[in-house]
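Please keep the sequence and the 3D view open while reading.

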Amino acid sequence: MNKADRIKKMRVPNAKGAHEGRLPPGQVLTEKFPILHEGDIPDYDMTKWTLKVSGKVNKKITLSYDDLLKMPQTDVLCDIHCVTRWSKFDTTFTGVLFKDFVKELGIEPESKFVMLYGDFDYTSNIELKDLMMDNVLLAHSYEGKPLTDKHGWPLRLIVPHLYFWKSVKWLRGFEFVDVNAPGFWEQNGFHLRGDPYTEERFSEEGYEMPEDEWTKKEYD
Ligand SMILES: Nc1nc2c(c(=O)[nH]1)N[C@H]1C(S)=C(S)[C@@H](COP(=O)(O)O)O[C@H]1N2
Ligand SMILES: [Mo]
């Protein structure tokens with residue numbers, strides 16, 4: 001059974017109660033920080049690490065880690081919501097806001113969509129307008145400390161207003177495109193956009209829902 005099918009079969013928790021309004025429907029609050037990804041954790045030589053901006057943009061650029069650290073730095077306080085049903089309140093990440101990143105580089109995006117690339121061979125599609133939201137961050141730190149490798153060091157995306165699979169760990173590239181082609185999970189049964197408040201979980205509608213597969217996984 002694939003991941004989408006497993007989540008569809010879970011029982012739906014009752015999300016009504018203390019956090020109604022803040023906790024999206026069908027989510028369970030956790031204090032922990034679960035670790036979820038496909039494949040291996042990368043081991044980088046930071047002298048060779050790059051972040052690539054490609055596709056339909058005026059400036060195609062390859063940045064070093066230093067380039068990023070020299071850009072304006074912002075702390076973002078946000079809640080995060082994983083499609084496997086866990087949500088975590090009040091997380092703080094530090095890094096470069098996407099809207100600042102675009103400004104600094106003088107990129108004039110002509111395209112409405114972006115394909116996000118992370119190691120190893122992870123992709124996720126996103127609309128440019130979702131990336132341009134106020135608290136979308138290219139994050140290098142969590143709670144004031146460098147990200148742990150399991151949570152995406154040296155760089156991960158944080159898109160607080162969409163399910164966490166869009167928050168690409170080990171981020172390596174942004175490709176500006178004019179079609180909203182599905183990324184990795186989007187090709188495997190998950191929604192093209194992924195708004196937790198309207199439960200855009202799957203690419204088809206009408207499923208029975210959760211319990212939680214994440215409790216069986218690793219977390220810190
Ligand atoms: N590169 C990469 N990024 C990824 C993933 C992945 O498999 N590879 N998984 C996504 C999914 S499904 C989730 S829920 C979050 C988990 O982030 P965390 O391990 O820090 O909680 O990372 C997202 N980013
Ligand atoms: Mo996930």
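Confidence in the chain is lowest in helix 1 (residues 3-9), where the mean pLDDT is 76, and highest in strand 10, where the mean is 99. The model is a predicted one. Over the chain, the mean pLDDT is 91, and 92% of the residues reach 70 or more.

Next, the interior. In soluble globular proteins, nonpolar side chains tend to be buried together. The largest nonpolar core here has 44 residues. Phe 98, Val 114, Leu 116, Leu 137, Leu 138 and Leu 171 are the members that touch the most other members. At least two residues of this core come from each of strand 2, strand 5 (86-97), helix 3 (98-105), strand 6 (113-118), strand 7 (122-127), strand 8 (137-142), strand 10 (156-158) and strand 11 (171-177). Strand 6 supplies the largest share, five residues.

Leu 137 shows how such a member is placed. With neighbours within four places in sequence set aside, Leu 137 is in contact with Thr 74, Val 76, Phe 93, Gly 95, Val 96, Leu 97, Phe 98 and Ile 158.

Now consider a loop residue. Lys 59 sits in the loop between strand 2 (51-55) and strand 3 (61-63). Is Lys 59 buried or exposed? Lys 59 counts as exposed because it has 9 C-beta neighbours inside 10 Å, and the cut-off for exposed is 12 or fewer. Beyond the neighbours within four places in sequence, Lys 59 is in contact with Leu 105, Gly 106 and Ile 107. The C-alpha atoms of Lys 59 and Glu 108 are 7.8 Å apart, while the two residues are 49 residues apart in sequence.

Technical notes
Residues numbered from 1 in each chain as written. Chains lettered and ligands numbered in written order. Predicted model: local features only at pLDDT ≥ 70, side-chain atom pairs only at ≥ 80, totals over all residues. Helix = DSSP H or I, 4+ residues; strand = E, 2+ residues; numbered from the N terminus. Buried ≥ 20, exposed ≤ 12 C-beta atoms within 10 Å, placed from the backbone. Contact = placed C-beta atoms within 7 Å. Core = buried A, V, L, I, M, F, W, Y, C linked by C-beta atoms within 7 Å. pLDDT = per-residue confidence, 0-100.
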